[in-house]
Amino acid sequence: METFNHSRISEFVLLGLTDSPELEIFLFVVFSLFYLITMLGNCLILLTVLFTSQLHSPMYFLLSNLSLIDMCLSSFATPKMILDFFAESKTISFGGCISQIFFLHLFTGTEIVLLISMSFDRYIAICKPLLYSTIMSQKVCVGLVVASWTVGFLHTLSQLIFTLYLPFCGPNVIDSFFCDLPLVIQLACVDTYVLGIFMISSSGAIALVSFLLLLTSYIIVLVTIRDHSSSGSSKAFSTCTAHFIVVLMFFGPCIFIYVWPFTSFLVDKILSVFYTIFTPFLNPLIYTLRNQDVKTAIKKKLSKQSSIIRKTTKRYPVQ
């Protein structure tokens, strides 16, 4: 708490995405719909996996956790951004700003490890199918999820431990719709160039190395699938393709922002919107449209609910 008392700045000003009132109304409608669909879509996947016994497998267990993280990643800044479209003063407290940085790196760090776990699951399932049930046991799956959150927590602590002790005495304007490390540390009253490059590039290096690791694993998996032409291989290819699309959408913006920091603010804004709003929005669409098991389970659940509603309506007709 002493760190907060020593900082002279009590709040930051967020410039948001635009200063045009007309465009703000349009963006309010668009992002409100995106956020609503994101929450409903990921929640639908989470509940479908939870209440469908046929989907109680390692892959879908990891997928449901990805949906949970996507809901969290979409919620750490998007609701405030939507409300700020109609706010005269787009401000955020110092503590609120630090909280956004904390949750951003917690959720992104967790998702990175979870995506690696999902690629490991697909590698074992396709390259070592006879050992799959032994290796990917329930204990291992739970351990992978716990490890994902643990790594995410340690990563975000490593990013904040130095930031909290930086003196902030002005200016306090952030040219974005949320607080992120590359933008905030530039506002410190001391020279943070070397520290900033180290902290931000370390995040970029983690993202880049993780992406190359995932790319290598999926290449191995796809080569293995190509050598086994069958209907099962076609299904596996579709699943792995969906996984890799998610990986590409998530890591692309992160690598660009953190490997090449302090570039164009406009480009950074667009990329930030992409991995905090669009990627969580597209994940449920990609998995439901390309995964027959999930589509079938959702259709059965919806059909069952519709049947219950019709029976209830017939039993208790509206007077």
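**Exercise 1. State the accessible surface of the chain and the share that belongs to carbon and sulfur atoms.**

Step 1. The accessible surface of the chain comes to about 16300 Å², computed by the Shrake-Rupley method with a 1.4 Å probe, where for residues only the protein chains shown count as cover.
Step 2. Carbon and sulfur atoms hold 70% of that surface.
Step 3. The model is predicted: local features need pLDDT of at least 70, side-chain atom pairs count only at pLDDT 80 or more, and totals for chains, interfaces and linings use all residues. Residues are numbered from 1 along each chain as its sequence is written, and side-chain values use heavy atoms, with hydrogens and water left out.

**Exercise 2. Describe the chain by its helices and strands, its buried share and its contacts.**

Step 1. There are 12 helices and 3 strands in the chain; helices (H or I, at least four residues) and strands (E, at least two) are DSSP runs, numbered from the N terminus.
Step 2. The chain has 319 residues, and 46% of them count as buried (buried is under 20% relative accessible area, exposed over 50%, partly exposed in between, with a 1.4 Å probe and protein chains only).
Step 3. Among contacts with a separation of 6 or more, 79% come from residues 24 or more positions apart; contact means heavy atoms within 4.5 Å.

**Exercise 3. Classify the ring pairs Phe12 with Phe168 and Phe102 with Phe103.**

Step 1. A pair of aromatic rings is described by the distance of the centres and the angle of the planes. Rings of Phe, Tyr and Trp (its six-membered ring) pair if their centres lie within 6.5 Å; planes under 30 degrees apart count as stacked, over 60 as edge-to-face and the rest as tilted.
Step 2. The whole structure holds 16 aromatic pairs. One of them joins phenylalanine 12 and phenylalanine 168, at 6.0 Å centre to centre with 85° between the planes, and is edge-to-face.
Step 3. Phenylalanine 12 is in strand E1 (residues 11–14) and phenylalanine 168 in the loop between helix H7 (138–163) and strand E3 (173–174), so this pair ties together parts that are 156 residues apart in sequence.
Step 4. Phenylalanine 12 is buried at a relative accessible area of 1%, and phenylalanine 168 is buried, also with 1%.
Step 5. For phenylalanine 102 and phenylalanine 103 the ring centres are 5.2 Å apart and the planes at 80°, so the pair is edge-to-face.
Step 6. Phenylalanine 102 counts as buried at 18% relative accessibility, while phenylalanine 103 counts as partly exposed at 36%.
Step 7. Ring pairs link Phe102, Phe103, Phe107, Trp149 and Phe153 into a cluster.

**Exercise 4. Locate the salt bridges of lysine 80 and lysine 269.**

Step 1. A salt bridge is a side-chain nitrogen of Lys or Arg within 4 Å of a carboxyl oxygen of Asp or Glu; the whole structure has 4.
Step 2. Lysine 80 is bridged to aspartate 84, with the closest N and O atoms 3.3 Å apart. These two residues are 4 residues apart in helix H4 (residues 78–84), so about one helical turn separates lysine 80 and aspartate 84.
Step 3. Lysine 80 counts as partly exposed at 24% relative accessibility, and aspartate 84 as buried at 9%.
Step 4. Lysine 269 meets aspartate 175 in a salt bridge at 2.8 Å, N to O. Aspartate 175 lies in the loop between E3 and helix H8 (181–184) and lysine 269 in helix H11 (residues 265–290), so the pair ties together parts that are 94 residues apart in sequence.
Step 5. Aspartate 175 is partly exposed, with 25% relative accessible area; lysine 269 is buried, with 12%.
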